[in-house]
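Biologist: I would like to learn how to read the features of a protein model. Could we take them one at a time?

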Amino acid sequence: MSTELTESAVSPPTTPSAEPASAPSRRTFIATTTAAGGAVVTGGLMTGPAALAAETGAAAKAPPSSRVSLTVNGKRHTVTVDNRTSLLDLLREHLDLPGSKKGCNAGACGACTVLVDGRRVNSCLTLAVRLEGAEITTIEGLAPGGEDGELHPLQKAFIDEDAFQCGYCTPGQIMSGVGCIQEGHTGSADEIREWMSGNICRCGCYVKIVRAVEQTAHGK
C-alpha cells in the first residue's frame with residue numbers, strides 16, 4: 001500500500017509574515033511606547049514637586065523671631081523681627097528711616113553709623129534683638145528742630161565747609177563726627193582723622209570733613 005499522500009491532502013505551506021495580523025506594527029509599537037513614557041514622565045513632574053513641597057512645608061519651621069522695644073529718635077517702637085535682622089534693616093525696612101545707608105554691609109565703610117545710647121555703632125553689624133530698651137539716634141533725629149527745623153551744628157558745618165560731594169556717606173560721617181565730639185577725640189586734626197578712620201568717603205572729602213568736625217567741636 002502506498003503511503004504517498006496526494007497533493008490535495010498535504011497542507012499548503014505557510015507564508016511567513018513579519019508579525020501576526022493582530023500584533024501592532026513596529027512603528028505603532030514605538031509610537032505607543034513613547035506616548036506612554038511621556039505620560040509617566042509628565043505625571044512624575046506633576047506629582048513629584050508637589051509631594052516634595054508638601055513634605056518640606058510640613059517639616060519646615062518659621063525662622064526664630066523676637067519682640068523688641070526700643071526708642072528711635074525719641075519715639076518708642078515695639079516690633080517683632082527675625083532674630084537675624086540687623087539694626088540697619090530694622091531702621092530702613094521696618095521703621096521707614098532710610099537715612100542710614102547700606103554701603104558694604106560688613107562694617108567696613110561706616111555709612112550705616114548711628115548712635116546707640118550715645119555711642120556710635122555700625123548698625124549693619126548690630127542685631128536688633130540685642131537692643132531691648134536702647135536709645136537710638138539716626139540722622140533723621142539729629143536736628144533739634146526735626147526735619148523742617150534747625151540743623152545740628154555739625155550738619156551746618158558740613159554745609160559751611162562743603163564737606164560732601166555725592167552725599168552717600170554723609171549721614172554716617174555726621175553721626176560718627178557727633179560721636180567723636182561727644183567722646184572727646186577732637187584735640188587735633190590727626191586725632192579726628194584717627195577716630196573717624198572707620199568712615200570712608202569715596203569722593204575724598206576727608207580734609208573738609210575734618211574741618212567740619214573741628215569747627216563744631218571748638219564752636220568756631
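Predicted model: local features only at pLDDT ≥ 70, side-chain atom pairs only at ≥ 80, totals over all residues.

**Reading the model**

Modeller: At 31% relative accessibility, Lys 102 counts as partly exposed.

Biologist: Which residue does Lys 102 meet in a salt bridge?

Modeller: The general idea is that side chains of opposite charge can pair when their charged atoms come close. Here the side chain of Lys 102 meets that of Asp 89, with 2.8 Å from N to O.

Biologist: How many salt bridges does a search of the whole structure find?

Modeller: The search finds 6. One of them joins Asp 162 to Lys 208, where the closest N and O atoms are 3.8 Å apart. This pair links distant parts of the chain, 46 residues apart: Asp 162 is in the loop between helix 3 and helix 4, and Lys 208 is in helix 6. Asp 162 is partly exposed at 41%, and Lys 208 is partly exposed at 33%.

Biologist: What is the distance between the closest N and O atoms of Asp 82 and Arg 84?

Modeller: They are 2.5 Å apart, and the two residues form a salt bridge. Asp 82 counts as partly exposed, with 22% relative accessibility, whereas Arg 84 counts as exposed, with 62%.

Biologist: Next, the cysteines. How many disulfides does the count come to?

Modeller: A disulfide is a covalent bond between the sulfur atoms of two cysteines. The count for this model comes to 0.

Biologist: Are Cys 104 and Cys 112 buried or exposed?

Modeller: Cys 104 is partly exposed, with a relative accessible area of 33%. Cys 112 is buried, at 4%. The cut-off for buried is under 20%.

Biologist: Which residues touch the most other members of the largest nonpolar core?

Modeller: A nonpolar core is read as a set of buried residues joined through their side chains. The largest one here has 20 residues, and those touching the most other members are Leu 154, Phe 158, Ile 174 and Ile 209. At least two residues of this core come from each of helix 3, helix 4 (170-183) and helix 6 (206-217). There is also a second, separate core of 16 residues, among them Val 72, Val 79, Leu 91 and Val 116.

Biologist: What is Ile 209 in contact with, leaving aside neighbours within four places in sequence?

Modeller: Its contacts are Phe 158, Ala 163, Gln 173, Met 196 and Cys 201.

Biologist: Where is His 185, and is it buried or exposed?

Modeller: His 185 is in the loop between helix 4 and helix 5 (189-195). With a relative accessible area of 17%, His 185 is buried. Beyond neighbours within four places in sequence, His 185 is in contact with Cys 180, Glu 191, Ile 192 and Trp 195.

Biologist: Which residues make the nonpolar surface patch of about 240 Å²?

Modeller: That patch is made by Leu 151, Ile 159 and Phe 164. Leu 151 sits in the loop between strand 5 (135-137) and helix 3 (153-160). At 33% relative accessibility, Leu 151 is partly exposed.

Notes
Residues numbered from 1 in each chain as written. Heavy atoms only, no water. Disulfide = S-S within 2.5 Å. Buried < 20%, exposed > 50% of the residue type's maximum accessible area, 1.4 Å probe, protein only. Patch = residues over 30% accessible without salt bridge, like charges linked within 9 Å, V, L, I, M, F, W, Y side chains within 5 Å. Areas by Shrake-Rupley, 256 points an atom, 1.4 Å probe, with all protein chains shown as cover. Salt bridge = Lys/Arg side-chain N within 4 Å of Asp/Glu carboxyl O. Helix = DSSP H or I, 4+ residues; strand = E, 2+ residues; numbered from the N terminus. Core = buried A, V, L, I, M, F, W, Y, C linked by side-chain atoms within 4.5 Å. Contact = heavy atoms within 4.5 Å.
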